[in-house]
Amino acid sequence: MITPTAERTAVAGAWRPTRRRVVDGLLAGLAPIAACGVALGGLTTWVNFGNAGSPPRIAVTDGRVFLPYGDVRDTAAFFRITNTGGADDRLLKVTSSATEGGTALSRHRMISDSAASAQTVDSARVPAGEGLAMSPFGLDVTLRAGRGWQEGTYVPFTLHFEHAGRIEVQAAVVRPGGPG
């Protein structure tokens, strides 16, 4: 038989929420909610800056290199680069085992009607869903021609991209101003 005193003692020991316990519980629940909010904000920023979606898909076509004339061995190569992926990429450098010396990415700017300047650049942006068409009036690859190059032969090049990696292509040797 239970005595009234024992019954009162059992009820008195029951758990009752105190202000301190409620505050501690809310603070414990707030930490994971805040972490999720920070993660969601970071992912939203990442998407808005174009870093989400499909990776870059790079294709390189229309490779051509100008045949130097006279005693000049310096020339330029040009490529059409398309990015059908969902993220931007960067062309970091272009190399070739068939050239005499190194290669460099250069950007040409017209100073006046009859003068231009060339400036070496570290890289070139290839926007997502767009492309980059190299030309003598913009971005190109400057190089020293190999011996024995003739019109119609092909020169191997490797284009190095930040995300897409290395892409090997062939560029046709063409005369400046000619078809090609």
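With which residue does Glu100 form a salt bridge, and how far apart are the closest N and O atoms?

Guide: Glu100 forms its salt bridge with Arg147, and the closest N and O atoms are 3.6 Å apart. This pair links distant parts of the chain: Glu100 sits in the loop between S3 and strand S4 (104–110), Arg147 in the loop between S8 and S9, and 47 residues separate them. The term salt bridge requires a side-chain nitrogen of Lys or Arg within 4 Å of a carboxyl oxygen of Asp or Glu. Helices (H or I, at least four residues) and strands (E, at least two) are DSSP runs, numbered from the N terminus.

The model is a predicted one, in which local features need pLDDT of at least 70 and side-chain atom pairs count only at pLDDT 80 or more, while totals for chains, interfaces and linings use all residues. Residues are numbered from 1 along each chain as its sequence is written, and side-chain values use heavy atoms, with hydrogens and water left out.

In general, side chains of opposite charge can pair when their charged atoms come close.

By the stated rule the count comes to 7 salt bridges. One of them joins Asp74 and Arg144, with 3.0 Å from N to O. This pair also links distant parts of the chain, with Asp74 in strand S2 and Arg144 in strand S8, 70 residues apart. Asp74 is partly exposed at 45% relative accessibility, and Arg144 is partly exposed at 38%.

A further salt bridge is formed by Arg80 and Asp62, whose closest N and O atoms are 3.1 Å apart. Arg80 belongs to strand S2 and Asp62 to strand S1, 18 residues away. Arg80 has 41% relative accessibility and counts as partly exposed; Asp62, at 47%, is likewise partly exposed. Asp62 also has a positive phi of about 55 degrees although it is not a glycine. Most residues other than glycine have a negative phi.

A nonpolar core is a set of buried Ala, Val, Leu, Ile, Met, Phe, Trp, Tyr and Cys residues joined through side-chain atoms within 4.5 Å. The largest such core has 33 residues, of which Phe79, Ile81, Phe157 and Leu159 touch the most other members. Strands that each supply at least two residues include S1 (58–66), S2 (74–83), S3 (89–95) and S8 (139–144). The most comes from S10, with 6 residues. Leaving aside neighbours within four places in sequence, Phe157 is in contact (heavy atoms within 4.5 Å) with residues including Ala77, Phe79, Val94, Leu143 and Ile167.

For the chain as a whole, the secondary structure comes to 2 helices and 10 strands. Among contacts between residues at least 6 apart in sequence, 67% join residues at least 24 apart. Buried residues make up 29% of the 180 residues.

Technical notes
Buried < 20%, exposed > 50% of the residue type's maximum accessible area, 1.4 Å probe, protein only.
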